[in-house]
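Trainee: I have a model open and would like to learn how to read it step by step. Could you walk me through it?

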Amino acid sequence: MGLSDRQIADLHAHFVVLYWRKLYLRRDFGAADPRLFAPACLFLAAKTEETPVHSKLLLHYARRLCTKTGTLPPPDLQQLVTTEALVLEALDGDLLVFSPYPSLSKFLRDSGLVAHTKACEVAWSVLSDSYRTPLHVMHPPHIIALGALCLAATITQLDLRSWLNGLDADFAAAHEVAAEMLTFYERHATPIPAAEAQRLLDLLGLPQLPYPQQQQQQQQQAAGQQRAGQQKQQRAQPPKPRQDRRRGHPNPSAG
């Protein structure tokens, strides 16, 4: 069972999640503003996977999302570029990511579950949801894939014991993955609303980020105030006497 186009697209998104989690293993939310570092991780991951996204296009969709949800403002271009460099520095150039998707695809074929559509769908869903947990910075990819497969078999009531007995794997770690996913589903049966996410961010004491339109207005106002100040200084200065071009002396008729 090969990877579909949607799963390949998800693969790139999951690289972003891993960058995000690795980043916050080294930084805390108070020192690294997640509103800036989330799009920066996406920007960097797209380059790493050789599917670069133009910065203007990324910011365009970020503005659309923020306008639709009415929540957090996106960064501007300068913030995006600067934060991307900070992400790269925090990760110390460690951009290599190993995916569990090929392992799960192989496990489905070898175990014979590839013929069970429901089991395959559950296994892929569990594996995708695992990126919402810290499992991918705790276990190797093949163990996470095995845990997702075992959980899918349990949910669909399929017996894999004969196939599992032929494997040389860390079944204790795979069981830990399956148990963690069950705990995750129990805790997050209901999505966190946007208002609650905003409240949690407010607890971090992060500074208010102006929208790009507000930033542009502020810049225009500052430039207008600067021009007005310069004009006021010029009016306050006494006029210089005109010079007689023929003699190089002040023109007596001036003033």
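This is a predicted model: local features need pLDDT of at least 70, side-chain atom pairs count only at pLDDT 80 or more; totals for chains, interfaces and linings use all residues.

Trainee: What share of the contacts in the protein chain comes from residues 24 or more positions apart?

Mentor: Taking contacts with a separation of 6 or more, 70% are between residues 24 or more positions apart. As for the surface, the accessible area of the protein chain is about 16,400 Å², and carbon and sulfur atoms contribute 54% of that.

Trainee: Now for pairs of helices. How are helix 2 and helix 4 oriented to each other?

Mentor: The general idea is to look at the crossing angle, where 65 to 115 degrees counts as roughly perpendicular. The axes of helix 2 (residues 34–48) and helix 4 (residues 77–90) cross at roughly 75° and come within 8 Å. Helix 2 and helix 4 are therefore roughly perpendicular to each other.

Trainee: Which residues of helix 2 and helix 4 meet?

Mentor: From helix 2 come Leu-36, Phe-37, Pro-39, Ala-40, Cys-41, Phe-43, Leu-44 and Lys-47. Their partners in helix 4 are Gln-79, Leu-80, Thr-83, Glu-84, Leu-86, Val-87 and Leu-88. Sorted by class, this contact of helix 2 with helix 4 has 11 nonpolar, two polar and two charged residues.

Trainee: What about loops? Where is Thr-133 found, and which residues does Thr-133 touch?

Mentor: A loop residue can be read with the burial cut-off just as a helix residue can. Thr-133 sits in the loop between helix 6 (117–129) and helix 7 (141–155), and with 2% relative accessibility Thr-133 counts as buried. Setting aside residues up to four places away in sequence, Thr-133 touches Arg-21, Met-181 and Phe-184. The side chain of Thr-133 also reaches the backbone oxygen of Ser-130 at 2.6 Å.

Trainee: And His-139: buried or exposed?

Mentor: His-139 is buried, at a relative accessible area of 13%. His-139 too is found in the loop between helix 6 and helix 7. Apart from residues up to four places away in sequence, His-139 touches Ile-144, Ala-173, Glu-176 and Val-177. From His-139 to Glu-176 there are 37 residues in sequence, and their C-alpha atoms are 9.7 Å apart.

Trainee: Which residues are in contact with Ala-145?

Mentor: Ala-145 lies in helix 7 and is buried, with a relative accessible area of 0%. Its contacts, leaving aside neighbours within four places in sequence, are Pro-100, Ser-103, Leu-104, Phe-107 and Leu-127. Ala-145 and Pro-100 are 45 residues apart along the chain, while their C-alpha atoms are separated by 5.5 Å.

Trainee: Last, the backbone angles. What is the phi of Asp-92?

Mentor: Asp-92 has a positive phi of about 55° although it is not a glycine. Asp-92 lies in the loop between helix 4 and helix 5 (101–111) and, at 68% relative accessibility, counts as exposed. Now try Gln-157: its phi is near 60°, a positive value in a residue other than glycine. Gln-157 is found in the loop between helix 7 and helix 8 (161–164), and at 73% relative accessibility Gln-157 counts as exposed.

Methods:
Residues are numbered from 1 along each chain as its sequence is written. Side-chain values use heavy atoms; hydrogens and water are left out. Contact means heavy atoms within 4.5 Å. Accessible areas come from the Shrake-Rupley method with a 1.4 Å probe; for residues, only the protein chains shown count as cover. Axes are lines fitted to C-alpha atoms, for helices over the stretch in contact, and angles run from 0 to 180 degrees between N-to-C directions. Helices (H or I, at least four residues) and strands (E, at least two) are DSSP runs, numbered from the N terminus. Angles under 35 degrees count as roughly parallel, over 145 as roughly antiparallel, 65 to 115 as roughly perpendicular and the rest as oblique. Ala, Val, Leu, Ile, Met, Phe, Trp, Tyr, Cys and Pro count as nonpolar, Asp, Glu, Lys and Arg as charged, and the others, Gly among them, as polar. Buried means under 20% relative accessible area, exposed over 50%, partly exposed in between (1.4 Å probe, protein chains only). A polar contact is a pair of N or O atoms within 3.5 Å; within protein, one must be able to donate a hydrogen and the other to accept it, and residues adjacent in sequence count only if both atoms are side-chain atoms.
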